[in-house]
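Good morning, and thank you for coming. Please look at the sequence and the model on the screen while I speak.

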Amino acid sequence: MSTPPGELTKATLEDGYGEGGRERDGRGEGGAWRSVARYALVKLGGALLGIGLVIVATFFLFRLIPGDPTIAYTRDVPVTPEQLALLRRQMGLDRPLGEQFLDFVLRTLRLDLGTSYEYRRPVAELIGDRVGPTLLLVGTGLAVAVGLGMWQGTRAAWRHGGRFDRFSTGTALTLWSVPTFWLGLLLLMVLAAGMGPIPGLFPTRGMEDVDAPDGPLYLLHVAHHLVLPCLTLVAVVYAQYLLVMRSSLLDEIGQDYVTTARAKGLRDDDVRRRHAVPNALLPTVTLVFMQIGFVVGGAVSVEFVYSWPGLGLLFVEAIRGPDYAVMQGTFMLVCVAVIVMNTLADVVYHVLDPRVRSA
């Protein structure tokens, strides 16, 4: 007996769906989460492989830097060849390269990053002391850059082709193309040291002064030092979020649901805020996760220009040595941060966008 058009029987429903209307092919809620779990495991395996390659590359990469640590640390001190040989033995630099590499890998797997030649302290402790200032700088800069970029990108896309769109996009692209080091020096000369009628408004270096106040005033003191480094970082980063948000929202504006919402008489602000923007956020959210690790690496120039006591300044100081242990530790930390954030971005995108799961 044929089923009348438009009428569904229980058998018809069970043909493609299980109990409760859920698809039997695994596309229901449980199947979706299983798909996410499988995808996350695949990405985790790729991330672990990437971290392994980083460990190998880290050891050999810094051995290519010219210079002998023993010569660098005894440059102003008269020493005999015997004393240099003893120093090399204490640093473990007299052993064959393969033995040094095996020791480095085993210690890294135990989360032992070695001891700094210059500071005579475990590298993990040095990184622990410097990671706070870097997180403060990068976290503040990233929050401001994301907020500014998304706001300008939304406004530019909704009134695309207008004056604000042309001005904001042109300014963002110009700042994005400026070298971070050069922009930092420019702001340092104009706003910190002062130039012509412009007085020096901000500190020229560091995170705090020797006579820094205590209590709540200390936070204001640190914030005053943070302004220029954060401004420099934001200026060269926010363009990415502006452009991605603008492009994504322009795609959404042309969709049928936006046209339908407008045809129903909804105000433009409501259409933008409640319909278009939420759907356009996905690429920007993904970009935030992906860029966290890269922003940490990009903060090296900013920290060096402003003598900000973070991981970037520690890395530059280690290169001057060369201090192999510190260079390896900071470099691996930044690389692992990039790999972890990229993996997390892929998984978040897979969770947020059902089209990816169904592909």
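First, a word on the source. This is a predicted model, in which local features need pLDDT of at least 70 and side-chain atom pairs count only at pLDDT 80 or more, while totals for chains, interfaces and linings use all residues. Residues are numbered from 1 along each chain as its sequence is written, and side-chain values use heavy atoms, with hydrogens and water left out.

The protein chain contains 14 helices and zero strands. Here helices (H or I, at least four residues) and strands (E, at least two) are DSSP runs, numbered from the N terminus. Of the 359 residues, 38% count as buried. Buried means under 20% relative accessible area, exposed means over 50%, and partly exposed lies in between, with a 1.4 Å probe and protein chains only. The chain exposes about 20,400 Å², of which carbon and sulfur atoms supply 64%; these areas come from the Shrake-Rupley method with a 1.4 Å probe, and for residues only the protein chains shown count as cover. As for contacts (heavy atoms within 4.5 Å), 70% of those between residues at least 6 apart in sequence join residues at least 24 apart.

Let us turn to helix H6, residues 123-158. H6 has 36 residues and reaches 50 Å from its first C-alpha to its last, close to the 52 Å expected at 1.5 Å a residue. The expected span is 1.5 Å times one less than the number of residues. Where does H6 kink? The kink, of about 35°, lies at Arg130, shortly before the proline Pro133. That bend is the angle between axes fitted to the seven residues ending there and the seven starting there.

UniProt, in an unreviewed entry, lists several stretches as "transmembrane region", including residues 131-151 and 218-239. Its positions are given in the numbering used here, with feature names shortened, and annotations may be inferred rather than shown by experiment. In the model, residues 131-151 are 100% helix, with end C-alpha atoms 30 Å apart. Residues 218-239 are also 100% helix, and their end C-alpha atoms lie 32 Å apart.

Which residues of H7 are buried? They are Asp165, Ser168, Thr169 and Ala172. Seen down the axis of H7, these buried residues fall within an arc of 95°, so they line one face of the helix. The arc is that of the directions from the helix axis to the C-beta atoms. An α-helix has 3.6 residues a turn, so residues three or four places apart point the same way. The cover over the buried residues of H7 includes helices H6 and H9. On the other side, Arg163, Arg166, Phe167 and Ser177 are exposed.

Thr343, in helix H13, is buried at a relative accessible area of 15%. Beyond its neighbours within four places in sequence, Thr343 is in contact with Lys43, Leu44 and Ala47.

Leu111 lies in the loop between H5 and H6. Its phi is near 60°, a positive value in a residue other than glycine. Is Leu111 buried or exposed? Leu111 is exposed, with a relative accessible area of 71%.

Ser307, in the loop between H11 and H12, has a positive phi near 50°. At 18% relative accessibility, Ser307 counts as buried.
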